[in-house]
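I opened the notebook to go over one protein chain. I wanted the overall fold first, then a few loop residues.

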Amino acid sequence: MTPQELEAARDRIVPDVIAGGLSVLFCGINPGLMSAATGHHFARPGNRFWPVLHRSGFTPRQLRPSEQEELLDYGLGITNVVTRASARADELSDEEFREGGRLLALKVERLRPRWLAVAGITAYRTAFQDPKARMGPQERVIGDTRIWALPNPSGLNAHWTLETMAEEFARLREAAREDSARS
């Protein structure tokens, strides 16, 4: 992909991979330019979302971004806090995050996943105006949907390794599994 093709993808929207009643709706910060150019979530080669999803046990094999629709077969989906694509998350304003959080809450109320998993603690804190939020399950709920803050899988998030990130995703997977067993 050329730099010109990537730049042409700026501000595009990548369609959600969603359905009603999902076990977990994963929520990225916003699409990167590679995702916007390809139409696939977490498409940048250095992004660790797909390897972590597999290593944590959510998927039986590592899916490629182009296979994102298969997530629905596992009761999983993907959306974003802010829908417009940018090269970096720091190009987004706090107001965009807050408005994205408001729209995300409406989406969650409509779709009713068991868990909303926001991949990026800073994005979660800003979008939901919860500056003291920590990684893991949150006290806040949206209707019956519980919320879990996960590490951002971007390759730029160097203080989380593939292994520690997979452990955190696996904690969510186990909580979702326990919820399913109770239902």
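**Entry 1: the chain as a whole**

I began with contacts, meaning heavy atoms within 4.5 Å. Among contacts in the protein chain between residues at least 6 apart in sequence, 69% join residues at least 24 apart.

I noted the ground rules next. This is a predicted model, where local features need pLDDT of at least 70, side-chain atom pairs count only at pLDDT 80 or more, and totals for chains, interfaces and linings use all residues. Residues are numbered from 1 along each chain as its sequence is written, and side-chain values use heavy atoms, with hydrogens and water left out.

I then looked up the secondary structure. Helices (H or I, at least four residues) and strands (E, at least two) are DSSP runs, numbered from the N terminus. I found six helices and five strands in the protein chain. Their order along the sequence is α-β-α-α-β-α-β-α-β-β-α. The radius of gyration is 15 Å, close to the 16 Å that the globule rule gives for 183 residues, so the chain is as compact as a globular protein of that length. That radius is taken over C-alpha atoms, and the rule is 2.2 Å times the number of residues to the power 0.38. Along the principal axes, the C-alpha atoms fill a box of roughly 50 × 35 × 30 Å.

**Entry 2: surface and charge**

I checked burial. Buried means under 20% relative accessible area, exposed over 50%, and partly exposed in between (1.4 Å probe, protein chains only). Of the 183 residues, 49% count as buried. The chain exposes about 9,100 Å², and carbon and sulfur atoms supply 50% of that area. Areas come from the Shrake-Rupley method with a 1.4 Å probe; for residues, only the protein chains shown count as cover.

The chain has 24 positive and 24 negative side chains, with the centres of the two sets 2 Å apart. Lys and Arg count as positive, Asp and Glu as negative; His and the chain ends are not counted. Each charge is placed at NZ of Lys, CZ of Arg, CG of Asp or CD of Glu.

**Entry 3: the loop between H2 and H3**

I went to Asn47, in the loop between helix H2 (33-38) and helix H3 (49-55). Is Asn47 buried or exposed? Asn47 counts as buried because its relative accessibility is 15%. Its side chain reaches the backbone nitrogen of Phe49 at 2.8 Å. Leaving out residues up to four places away in sequence, Asn47 touches Phe42, Pro153, Ser154 and Gly155.

Arg44 is found in the loop between H2 and H3. Arg44 is exposed, with a relative accessible area of 52%. Its C-alpha atom is separated by 9.9 Å from that of Pro31, 13 residues apart along the chain.

**Entry 4: positive phi values**

I checked backbone angles. Most residues other than glycine have a negative phi. Arg112 is not a glycine, yet its phi is positive, about 55°. Arg112 lies in the loop between helix H4 (94-111) and strand E3 (115-119). Arg112 is exposed at 55% relative accessible area.

Gln129 also has a positive phi, near 50°. I placed Gln129 in the loop between helix H5 (121-127) and E4. Gln129 is exposed, at 56%.

**Entry 5: the loop between E4 and E5**

I finished at Gly143, between strand E4 (136-142) and strand E5 (145-150). Gly143 is exposed, with a relative accessible area of 60%. Gly143 and Arg114 are 29 residues apart in sequence and 9.8 Å apart in space, C-alpha to C-alpha.

Terms used: A polar contact is a pair of N or O atoms within 3.5 Å; within protein, one must be able to donate a hydrogen and the other to accept it, and residues adjacent in sequence count only if both atoms are side-chain atoms.
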